[in-house]
Amino acid sequence: MIVGIDLGTTNSLAAVWRGDATELVPNALGQLLTPSVVGLDDQGRVLVGQAARERLHTHPHLTTSLFKRYMGSATEVRLGDRTFRPEELSALVLKSLKEDIERSYGEAVTDAVISVPAYFSDGQRKATRIAGELAGLNVEKLINRTHRCRSGLWPAPARQGNLVPGVRPRRRHVRRVDHRAV
């Protein structure tokens, strides 16, 4: 089964193509968005998503977010007595999404298309591929986030009536110019 994953800095999201439509996949908590947060519990077990986000302020030495910003760099993140590269942290988020899809559909997920910001460098794109491989995914393709809706892996933008619950559409700032005054 091939899936589409939006690996976001704040939240991540997974979708599958079924029949002639895209279906967003809820996580184990029934939410469509999974926070891109990773942490360790008091016994050293890895927490991903909402469970980790809830510990972000109470256990900052054991929890991290926004690590995607460091993809492709030599930065390391320390959680307790363990050290992680950004690719490893992203892989934990991808693995969580993969498990949610497998739980929902009862099929093994082997391949993925992952969206990345259009401004990602080659190094950041390579690091995203590595994260996918660490999560047990064959990354078929990386697509720029601006093209994800047109590719058919995600629902059409909100202006066409397909709102994603919990996601606010971005507002565009339009500067109006009165040409008659010139």
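Q: How many salt bridges does the structure hold?
A: This is a predicted model, and it holds 7 salt bridges.

Q: Take Asp42. Which side chain does Asp42 meet in a salt bridge?
A: That would be Arg55, at 3.2 Å from N to O.

Q: And where in the chain do Asp42 and Arg55 sit?
A: Asp42 is in the loop between β5 (37-40) and β6 (46-48). Arg55 is in the loop between α1 (50-53) and β7 (63-65). The two are 13 residues apart, and the pair links distant parts of the chain.

Q: Asp42, buried or exposed?
A: Exposed, with a relative accessible area of 55%. The cut-off for exposed is over 50%, so Asp42 qualifies.

Q: What about Arg55, buried or exposed?
A: Arg55 is buried, because its relative accessible area is 15% and buried means under 20%.

Q: OK, switching to Arg85. What does Arg85 form with Glu87?
A: A salt bridge, with the closest N and O atoms 3.9 Å apart. The side chain of Arg85 also meets that of Glu88 in a salt bridge, at 3.7 Å from N to O.

Q: Which residues end up in one network there?
A: Arg85, Glu87 and Glu88, joined by salt bridges that share partners.

Q: How is Glu87 placed, buried or exposed?
A: Glu87 is buried, at 8% relative accessible area.

Q: And what are the relative accessibility values for Arg85 and Glu88?
A: Arg85 comes in at 34% and counts as partly exposed. Glu88 is partly exposed too, with a relative accessible area of 26%.

Methods: Residues are numbered from 1 along each chain as its sequence is written. This is a predicted model: local features need pLDDT of at least 70, side-chain atom pairs count only at pLDDT 80 or more; totals for chains, interfaces and linings use all residues. Side-chain values use heavy atoms; hydrogens and water are left out. A salt bridge is a side-chain nitrogen of Lys or Arg within 4 Å of a carboxyl oxygen of Asp or Glu. Helices (H or I, at least four residues) and strands (E, at least two) are DSSP runs, numbered from the N terminus. Buried means under 20% relative accessible area, exposed over 50%, partly exposed in between (1.4 Å probe, protein chains only).
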